Amino acid sequence: ATYDAQAEQAGEWPLDTSTCDCCTTSSAVTDRGVVVVYRGRGDGEIRDTRIVRFDGERWTPPRDVHTDGWKIAGCPVNGPVAVAEGETVWVAWYTEADGEPELRAARSDDAGDTFGAPVTLARGMQVLGRLGLARAGDHLLVSWLEQAPDERQTLVLGRYDGRWKHARRVEVATLSARGRASGIPRLQAKGDAAWLAWTDVTGDTPGLKGARVVFR
């Protein structure tokens, strides 16, 4: 939906009538309009990342960022993330299409009409996903959660160039939270600095924690 400055609704559209109910969505602004990425729900319970774009009057039909073919009869609560600049759109997402947890990412140079082949940011049974994505100067920053065999969770931050190359990995924090109690960490960036906020649990009490990471 769109709203004016007085919070009066100006328009409303159904973007996709078959989606994952619990996966988070993400949006970004390109020179050709707003894009929204989300997890679709196709025939046979295929749940891949889709994208739509608003040109100011209408939305494009939904299309896959990449056809992973992940079949899962339930929502993984692990939605995609997107950032944009000009007509370039970067999207990162979680999948288990090949039978193992994996973080994939892709780039579009035509405002989301088409995407290049995806790259793998992380893969393995330790990968939980729950992604964050931010643009920092000429670099992309991606955050996600991993889990060790003793169930301890680690908040990870990766730094990439605009082609998803030249990774640098930082382990930001070790969490006491278990399972989904850690929620989905949030990420913002400017220049050489990144700010992260996440949920952790001390005893039975949840609380918010944060960190600042500076890349030199």
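**Reading the surface and cores of a strand protein**

Biologist: How much accessible surface does the protein have?

Modeller: Accessible area comes from the Shrake-Rupley method with a 1.4 Å probe, with only the protein chains shown as cover for residues. Here the total is about 10900 Å², and carbon and sulfur atoms hold 47% of that. The model is predicted, so local features need pLDDT of at least 70 and side-chain atom pairs pLDDT 80 or more, while totals for chains, interfaces and linings use all residues. Residues are numbered from 1 along each chain as its sequence is written, and side-chain values use heavy atoms, without hydrogens or water.

Biologist: How many helices and strands does the protein have?

Modeller: Both are DSSP runs, numbered from the N terminus: helices are H or I with at least four residues, strands E with at least two. This protein has 17 strands and zero helices.

Biologist: What share of the residues is buried?

Modeller: Buried means under 20% relative accessible area (1.4 Å probe, protein chains only). Of the 216 residues, 45% are buried.

Biologist: Which residues have the most contacts inside the largest nonpolar core?

Modeller: A nonpolar core joins buried Ala, Val, Leu, Ile, Met, Phe, Trp, Tyr and Cys residues through side-chain atoms within 4.5 Å. The largest has 19 residues, and Ala92, Leu103, Leu121, Leu131, Val142, Trp144 and Trp164 have the most contacts inside it. Strands that each supply at least two residues of this core include β8 (88–95) and β12 (139–147). A separate second core has 17 residues, among them Leu145 and Trp198.

Biologist: What does Leucine 121 touch?

Modeller: Contact means heavy atoms within 4.5 Å. Leaving out residues up to four places away in sequence, Leucine 121 touches Ala92, Leu103, Ala105, Val142, Tyr160 and Trp164.

Conventions. Buried < 20%, exposed > 50% of the residue type's maximum accessible area, 1.4 Å probe, protein only.
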